[in-house]
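Dear colleague,

I am handing over the structure below, and I would be glad if you kept it open while you read the notes that follow it.

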Amino acid sequence: MSVHRQTLAPGPIPRYIAVADQLRRRIEKGEWPAGHALPSLQQLAESFDVARLTARQAVQLLVAEGLLASHRGQGTFVTEAVRPIRTAPLESSLRELGDTYRSLAPIILAIDETPRPLPVGGGRDEGYVYMRRLHMNDGRAYCVISLYVARSVFALAPEKFRTRAVIPIMLELRRVRIANAHQTLTIGTADAETAALLHIAKDAPVANVARVFHDEDGQVIYYAEVTYRGDAIRLEIDLKA
């Protein structure tokens, strides 16, 4: 079986993950349909100019994801087509952000109503309620959120905050006034825990968003650290002429 030589882009991502991404993309595009036999490890290694061990690690990653199956004496085959995860835009307004989260039912990973300080320092003396959640998109995990809500805000609707997405609730509460909202996006790689929650490889690309809301007195009433799958976030920016 002949294979085309490909050059991997330089960067901090481990080479086996980069190879796995290229193979996954072929499955996504339908170039390799279900039942398709993969080239041998030696052919893959030569194609991407990597060590045979690197090619094996890439294949093992896709086997672990359920996209490939290896059969002794027969080879490795595509088991199913990839269903691309629907991307979510990085919203530029509070209203859009609230609309995005409104229909989501978060999976609660942890909640601690004991007063906590903000991890970045500062904040209200009353402390914050801590919650860690996993959000799904089309039935697939696409972001993990660690968030802090001011205790006085949480006390306005505790049952809702314990079970629903936080931002839509804050926008609905008349006694909550968000005077300023800001978020910062950075690109990073997934640690072991995040990778397991999002069903991606360790060190796979992720988008990290730090989000903070202030009230009219300049006090932080909401702070969140959000980690999105790298293939689940879309940033669109209008450029000024």
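Y223 is buried, with a relative accessible area of 8%, where buried means under 20% relative accessible area, exposed over 50% and partly exposed in between, with a 1.4 Å probe and protein chains only. Please bear in mind that this is a predicted model, in which local features need pLDDT of at least 70 and side-chain atom pairs count only at pLDDT 80 or more, while totals for chains, interfaces and linings use all residues. Residues are numbered from 1 along each chain as its sequence is written, and side-chain values use heavy atoms, with hydrogens and water left out.

Five aromatic pairs were counted, taking rings of Phe, Tyr and Trp (its six-membered ring) whose centres lie within 6.5 Å, with planes under 30 degrees apart called stacked, over 60 edge-to-face and the rest tilted. One of them joins Y148 and Y223 in a tilted arrangement, 6.3 Å centre to centre and with 45° between the planes. Because Y148 lies in strand β6 (residues 140-150) and Y223 in strand β9 (residues 220-229), this pair ties together parts that are 75 residues apart in sequence; strands are DSSP runs of E, at least two residues, numbered from the N terminus. Y148 is also buried, at 8% relative accessibility.

F154 and F161 form a stacked pair, 5.7 Å centre to centre with 20° between the planes, and F154 is buried at 4% relative accessibility, as is F161 at 0%.

Finally, ring pairs link Y130, Y148 and Y223 into a cluster.

Definitions and conventions. Helices (H or I, at least four residues) and strands (E, at least two) are DSSP runs, numbered from the N terminus.
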